[in-house]
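Hello,

Here is the structure I said I would pass on. Please open it first, then read the notes below with it on screen.

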Amino acid sequence: MTFDYAKVTKSRLMGSMGLTIKYENNDNNIYQYFLLDGEGLGIADYVSLKNPTSKEACNEEDRLMGGLGENRILVKEEVALFLINHFGSKNLEYGKELPGDTEEYIDIITNYKSNLTLDEVYPIINKKVDDEVEFINYMTMRFIARDRESLKYFSGSEEISNNHITKINGALLKNKVTKRNEEVYISEALYEDEDGYYTCKIAFNIFKEKDNFRIKSLLVTDKEPIYDFEVFDEISKSEFIDVYKVKNKDEFLMEFYNDNPFMLKSEMEEGVFFTRFNFNNNHVKKDIYVINNDIKSIYYQLGDEFFVGTYSEGDRKYINKLLMTKYKEYLKVDESYFFEENVLYDFVESGSDDFEDFLD
């Protein structure tokens, strides 16, 4: 096969990356799509397409990369193969099953040799961070996620990379960054671990090297457990919910997803759930970071109802106007609600088939 091009998202600071490779083989066009997960330790998803239409190829790329919130850049074949080898080797090392048709890429994992090093590839797959608060938020995520690889790159220290407070690859739910002086910043972190939710404080001593931020040292204090309901209060936000009656639901859902392949689609027991993420990660630049601030809207089809959840008046007006313009033959406005906290996702998770009963 002849290599044509490869694209990767500059999203390694968030833990995951999307990688697309296109090959030509005689008259055939072969597309390979990989989800590379630095927290889940390996290749998390793999799909290949043979001679897809341009629309099909773009849709699959959007499905893979649309929710990661970073730019897609072209990379050389050597970089793409290095990434497959590097992440796939983690699957083998940690006994995690490789996804998809492994015969299509297993040889890269077991036999490919490269002169590249991770330190050479890291600047390619990470976005440039120019803001101290953004850097502290990213490093707090990496620390909570036990991402030794990233901590090692940004500190150059084995001691820092092996430091941890979580039992598993934890999730940072909320973080408040406070500046103490030019080099010292404090993270007040709320996170999820294997056995529950916790808060802690992390002091980062940072410096700049060749115009890039680096970690000089970090210190963790004040770890405390926190109740589930307190976590909900901390990360919840006000929500608009608009409900439509939908007809020809299967036709509508197929058209809706074909128009929005970048949304995360989840088949639920009672219906179909879609998550629309922002196309950037600007929420990480704020001194108070909240995990769900990268969600622009959510959608849930249940029977002949279609629920739309949004988080600002502006988004609500724009998204609902767009829905009524594009899908007016399928949708009819039924009810509208406003809540001081998140409701729609809890309804989806509940498995209930009646929204009014759920609210009661």
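In this predicted model, Val-79, Phe-82, Leu-83 and His-86 of helix H2 meet Leu-118, Val-121, Ile-124 and Ile-125 of helix H4. Sorted by class, the residues in this contact are seven nonpolar and one polar, with no charged ones. H2 covers residues 77–93 and H4 covers residues 118–125. Their axes are 11 Å apart and the packing angle is about 110°. Angles of 65 to 115 degrees count as roughly perpendicular, so H2 is roughly perpendicular to H4.

Now H2 by itself. It has 17 residues, and from its first C-alpha to its last it reaches 24 Å, close to the 24 Å expected at 1.5 Å a residue. After H2 comes Gly-95, which has a positive phi, near 70°.

Ser-150 has a relative accessible area of 0%, and it counts as buried because that is under 20%. Which residues does Ser-150 touch, leaving aside its neighbours within four places in sequence? They are Arg-12, Tyr-122, Met-139 and Arg-142.

Six strands form an open sheet, with antiparallel pairing, in the order E11-E12-E14-E15-E10-E16. The edges are strand E11 (264–267) and strand E16 (331–339); each has a single partner strand, so one side of each has no neighbour in the sheet. From one strand to the next, the twist averages 15°.

Within the sheet, strand E12 (residues 271–277) and strand E14 (residues 295–302) run antiparallel and are joined by seven bridges. To find one of the paired positions, look at Phe-274, whose bridge partner in E14 is Tyr-299.

Helix H9 (residues 249–259) touches E10, E11, E12, E14, E15 and E16, and its direction makes about 20° with that of E12. Helix H10 (residues 313–326) touches E10, E14, E15 and E16, and its direction makes about 10° with that of E10.

Regards

Key. Residues numbered from 1 in each chain as written. Predicted model: local features only at pLDDT ≥ 70, side-chain atom pairs only at ≥ 80, totals over all residues. Heavy atoms only, no water. Axes fitted to C-alpha atoms, helices over the stretch in contact; angles between N-to-C directions. Helix = DSSP H or I, 4+ residues; strand = E, 2+ residues; numbered from the N terminus. Parallel < 35°, antiparallel > 145°, perpendicular 65-115°, else oblique. Contact = heavy atoms within 4.5 Å. Nonpolar A, V, L, I, M, F, W, Y, C, P; charged D, E, K, R; others polar. Buried < 20%, exposed > 50% of the residue type's maximum accessible area, 1.4 Å probe, protein only. Expected span 1.5 Å × (residues − 1). Pairing = 2+ DSSP bridges.
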